[in-house]
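Hi! Here are my notes on the model you asked me to look over. Have the structure open while you read, and click on each residue as it comes up.

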Amino acid sequence: MAERKARHVKSVNLALQGGGAHGAFTWGVLDQIFADGRIWIDSISGTSAGAMNAAVAAMGMYEGGGEGARIELERFWQTVSRAGAHSPFKSTPLDQAAQNWSLDSSPGYILMDLLNRLASPYDMNPVRLNPLRDLVRDFIDFECVRAAQEMEIYISATNVETGRVRIFSREEIDLDVIMASACLPLMFHAVEIDGQYYWDGGYMGNPVLLPFMETSASDDIVIVQINPIHREGEPRTARDILNRVNEITFNSSLLKELRMINLIDELVDSGHSIRGRRMNVHIIESRDDMGKLSASSKLNTDWAFLTHLRDVGRSAAARWIDQNFDAIGSRSTVDLKEMFAGLVPDAKHVPRDG
């Protein structure tokens with residue numbers, strides 16, 4: 001571990017959002033970071049597809065370091081694409097020719113969307129068939145993931161009964177934990193762990209940032225942004241409205257934690273004695289590319305689409321590293337104060353200790 005880490009110049013914590021097939025964008029980001037070789041990943045927090053990327057990367061790193069992670073990530077997404085070849089969710093030939101990655105015109109997707117509004121997965125799938133579970137079980141060696149002590153991993157899932165997030169650490173990660181983190185309630189049965197039921201972690205932690213502040217040696221958090229926070233214009237169609245509602249919902253927990261980090265910074269700068277530490281925050285995103293994608297494309301596992309997202313992720317990561325490498329370890333490249341202007345109380349109005 002020490003020898004591998006010594007080859008790197010700087011270290012960061014990675015926060016990987018969920019987003020179905022859009023997680024291939026994160027694959028591209030990870031691939032570029034590992035290929036660059038100057039940045040040590042101290043910890044990863046992942047949700048849903050982000051959790052899968054984190055576990056696969058850890059498995060690859062256990063055997064072969066960064067290059068091993070790159071190999072396993074490509075193998076994983078190839079496996080996802082091959083499994084999707086039998087899926088009823090296919091883009092039409094016209095959409096494929098136009099490189100329109102949406103499934104909005106797919107008969108299989110339209111039927112599923114309609115059925116999801118009329119019946120639950122408990123009605124439509126009483127025997128709990130889940131091809132994704134089989135894929136993850138057959139691909140990921142969880143013993144390697146738990147043994148990959150070079151990098152801490154945090155996976156989030158939402159407790160169905162309490163509505164609270166549960167954060168699983170690397171030693172706890174198994175098939176059920178990954179599937180709980182990726183459990184969309186309109187598609188899958190809730191996942192039972194230790195007598196509790198869990199849904200997708202995106203509702204309450206997409207992804208969680210708090211563990212970095214409490215345990216990581218690195219002061220930098222790099223968020224790999226899949227779900228756009230900002231989207232221009234008023235959604236008018238039912239599909240666009242639902243898409244935007246989902247984006248807001250799956251970003252709400254992240255924004256809450258970023259507000260907390262901003263408030264801690266404000267309090268520390270004002271000389272208050274508090275429990276907390278300053279963290280440098282960064283975001284890797286491609287708003288123009290990811291903002292064009294419809295929600296239905298999160299189920300599109302066509303290899304051309306996945307490699308397109310991988311390439312977009314690689315480019316976004318390369319730009320970010322080129323522009324911000326020197327800032328790692330010294331300052332944020334995201335202006336949280338501007339992001340939350342008017343939303344966070346001015347630190348001077350918070351009573352001092354004593």
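1. **Before you start.** This is a predicted model, so local features need pLDDT of at least 70, side-chain atom pairs count only at pLDDT 80 or more, and totals for chains, interfaces and linings use all residues. Residues are numbered from 1 along each chain as its sequence is written, and side-chain values use heavy atoms, with hydrogens and water left out.

2. **Strand S3 and its partners.** Let's begin with S3, residues 152–159. (Helices, H or I of at least four residues, and strands, E of at least two, are DSSP runs numbered from the N terminus; two strands pair if DSSP finds at least two bridges between them.) S3 runs antiparallel to S4 (residues 165–169), with five bridges joining them. With S2 (residues 39–46) the pairing is parallel, over four bridges. S6 pairs with S3 in the antiparallel sense, over three bridges.

3. **Who faces whom?** Which residue in S4 stands opposite Ser 156? Look for Ile 167. Ala 157 has Asp 200 as its bridge partner in S6.

4. **S3 is enclosed, and then comes a turn.** Eight of the eight residues of S3 are buried, so the strand is largely enclosed by the rest of the structure. (Buried means under 20% relative accessible area, exposed means over 50%, and partly exposed is in between, with a 1.4 Å probe and protein chains only.) The hairpin of S3 and S4 has five residues between the strands, and there Gly 163 takes a positive phi near 75 degrees.

5. **Helix H7.** In H7 (residues 131–139), the buried residues are Leu 135, Val 136 and Phe 139. They sit on the same side of H7 because they cover an arc of only 95 degrees around the axis; the arc is that of the directions from the helix axis to the C-beta atoms. What do these buried residues pack against? Their partners are H3 (49–84), H8 (142–147) and H9 (175–181). At the start of H7, a side-chain oxygen of Asn 130 comes to within 3.1 Å of the backbone nitrogen of Leu 132.

6. On a 1 Å grid over the protein atoms alone, a cavity is a set of points where a 1.4 Å probe fits but cannot get out, while a pocket is an open set with protein on both sides within 12 Å along at least five of seven lines; lining residues have an atom within 4 Å of a point. Grid points are joined across faces, edges and corners, and a volume is the space filled by probe spheres set on the points. The count comes to one cavity of 30 Å³ or more. About 60 Å³ of space lies in the largest cavity, and its lining includes His 22, Pro 228, Arg 231 and Lys 298.

7. **The second largest pocket.** This pocket has a volume of about 370 Å³. It is lined by 21 residues, and the closest to its centre are Ile 229, Ile 283, Glu 285, Arg 287 and Met 339. H11 (238–269), H12 (287–290) and H13 (303–324) each supply at least two residues of the lining, with H13 giving the largest share, three residues.

8. Most residues other than glycine have a negative phi, and most peptide bonds are trans. Now check Arg 128, with a positive phi near 65 degrees, in the loop between H6 (121–124) and H7. Asp 194 has a positive phi of about 55 degrees; it lies in the loop between S5 (191–193) and S6 and counts as exposed because its relative accessibility is 67%. A cis peptide bond joins Asn 206 and Pro 207, with omega about -10 degrees. Pro 207 is in the loop between S6 (196–200) and H10 (210–215).

Technical notes: Contact means heavy atoms within 4.5 Å. A polar contact is a pair of N or O atoms within 3.5 Å; within protein, one must be able to donate a hydrogen and the other to accept it, and residues adjacent in sequence count only if both atoms are side-chain atoms.
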